[in-house]
Amino acid sequence: MTNTSPDRRDTTPPSGRDVLLLAQIVDLVRTGVANTRPDLEQATGLGRTVVNERLREGMDLGILEEGGTAQAERGRPSRTVRFRAEAGLILSAGFADNSVWASASDLEGVSLARTSADADVLDGPDVVLPIVDAQFRALLKRVRGRDVWGLALGLPGPVDFASGRMVAPPIMHGWDGFDVRGWFRNRYEAPVWVDNDDNLRAFGEWAIDQPHDVRDLLYVEIGEGIGSGLVTGGRLHRGDTGAAGDIGHFRVTDDPTALCRCGRTGCLAAVASGWGLARILTAAAERGDSPLLAELLQREGRIAGHELAAAIAAEDPVTMAAVRRAAHLAGLTVAGVVNFANPGTLVLGGSALRGTDLFFDTFKAAVLEQTIELAAQHLVIRPSSDEFEIGTVGGALLVVRRLFRLDALQLWLGAGTPIGSAVRIQQLV
Ligand SMILES: [Zn+2]
């Protein structure tokens with residue numbers, strides 16, 4: 001791949017204290033806190049000569065460039081300095097609805113190109129990761145000439161964030177302990193982060209929400225599986241090992257027939273997930289409780305996905321009751337989390353919302369029924385903004401955050417690119 005950065009001066013790269021100061025300046029410019037020389041001097045407490053030297057280095061490295069002119073409140077107008085978001089490229093991908101959704105973004109996390117393809121995570125990493133890689137390659141053809149500076153992948157299950165590996169996913173054979181991060185780093189030489197997909201969706205929803213900087217956000221996914229992600233204080237809450245947010249296995253019923261995939265009984269996922277509802281409605285069809293379900297089962301051979309949607313559209317009473325119960329139990333469970341975490345925004349996403357308001361409305365009512373008044377006071381409850389691609393928004397944002405943390409900048413800024421420092425950048429806690 002070619003590097004499109006401006007011609008670099010043939011000088012020794014900055015090191016030590018110079019890199020630290022440059023990292024501070026890049027951070028101030030990138031985040032929009034200061035973008036003129038006088039403002040940078042004031043924000044850092046550094047003298048004009050030092051600021052100018054560091055800016056020159058930042059420009060030589062292709063990270064910064066001269067911008068337009070800013071009108072100062074007093075005195076002469078100042079030239080601005082600009083962060084070059086086009087200096088590198090971020091690739092991010094996630095799974096939804098038996099497909100992989102991939103995006104190429106600039107260093108501000110703005111998507112430049114998107115693509116998707118059929119992919120079933122149950123086929124295992126040996127089949128699925130090459131499909132993800134093919135989508136990334138297709139995106140690189142569309143945004144030619146940029147180096148990949150970081151990658152993010154969201155996976156539907158428990159992910160040990162520090163190592164980038166899944167840990168004992170209940171049904172995803174072949175993924176347990178698989179080195180997803182190493183697989184991609186061997187191909188791209190850039191830092192790779194692997195996270196639970198609901199964490200990335202939470203981050204994406206938080207990023208597009210306004211004003212996101214002052215509101216904690218809880219994202220709840222109810223689709224084929226159930227999970228959640230929490231952004232608090234502007235950061236994803238992963239917990240000690242990355243398991244935070246796994247609400248699918250809250251015990252919600254004493255019903256001994258509510259068998260869960262985790263091996264226990266009575267879990268929320270057993271009664272409210274896509275597969276849980278399919279199991280309940282298939283049993284109802286077999287018992288002859290609903291003529292419509294019985295007919296669908298006989299004709300289609302199963303009751304899931306489209307068949308479920310058809311039964312809802314026909315307002316089949318047995319289906320409506322099961323969906324209402326699922327949404328109610330999910331709402332009561334989430335109310336407990338809302339009481340505990342006190343988010344400003346609660347977002348519900350996943351295929352449970354498809355084609356009907358019944359699930360969302362019942363869920364919202366149950367949340368409000370069980371949420372204490374102080375936690376409910378300013379709570380905004382809304383459906384997901386984008387069922388499929390919001391995870392790639394969160395993934396790109398995760399990479400931006402990780403690459404441009406001060407401790408990460410100090411590792412790679414002197415070289416002008418994180419390629420080559422991938423392992424050390426990933427190891428930062
Ligand atoms: Zn369970």
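pLDDT is the predictor's confidence in each residue, from 0 to 100. This is a predicted model, in which local features need pLDDT of at least 70, side-chain atom pairs count only at pLDDT 80 or more, and totals for chains, interfaces and linings use all residues. Residues are numbered from 1 along each chain as its sequence is written.

**Exercise 1.** Find where pLDDT stays under 50.

Solution. Start with the chain: its mean pLDDT is 91, and 95% of its residues reach 70 or more. The stretch under 50 is residues 1-10, which have twelve contacts beyond four places in sequence in the model (a contact is two C-beta atoms, placed from the backbone, within 7 Å). Where pLDDT is low, the predicted coordinates should not be read in detail.

**Exercise 2.** Work out how α2 and α3 pack.

Solution. Locate helix α2 at residues 37-44 and helix α3 at residues 48-60 (helices are DSSP runs of H or I, at least four residues, and strands runs of E, at least two, numbered from the N terminus). Their axes are 10 Å apart, at an angle of about 110° (axes are lines fitted to C-alpha atoms over the stretch in contact, and angles run from 0 to 180 degrees between N-to-C directions). The two helices are therefore roughly perpendicular (65 to 115 degrees). Among the residues that meet are Leu40 of α2 and Val51 of α3.

**Exercise 3.** State which strands stand at the edges of the five-stranded open sheet.

Solution. Write the order: β12-β11-β10-β13-β14, with mixed pairing (strands pair if DSSP finds at least two bridges between them). β12 and β14 each have a single partner strand, so one side of each lacks a neighbour in the sheet.

Conventions:
Parallel < 35°, antiparallel > 145°, perpendicular 65-115°, else oblique.
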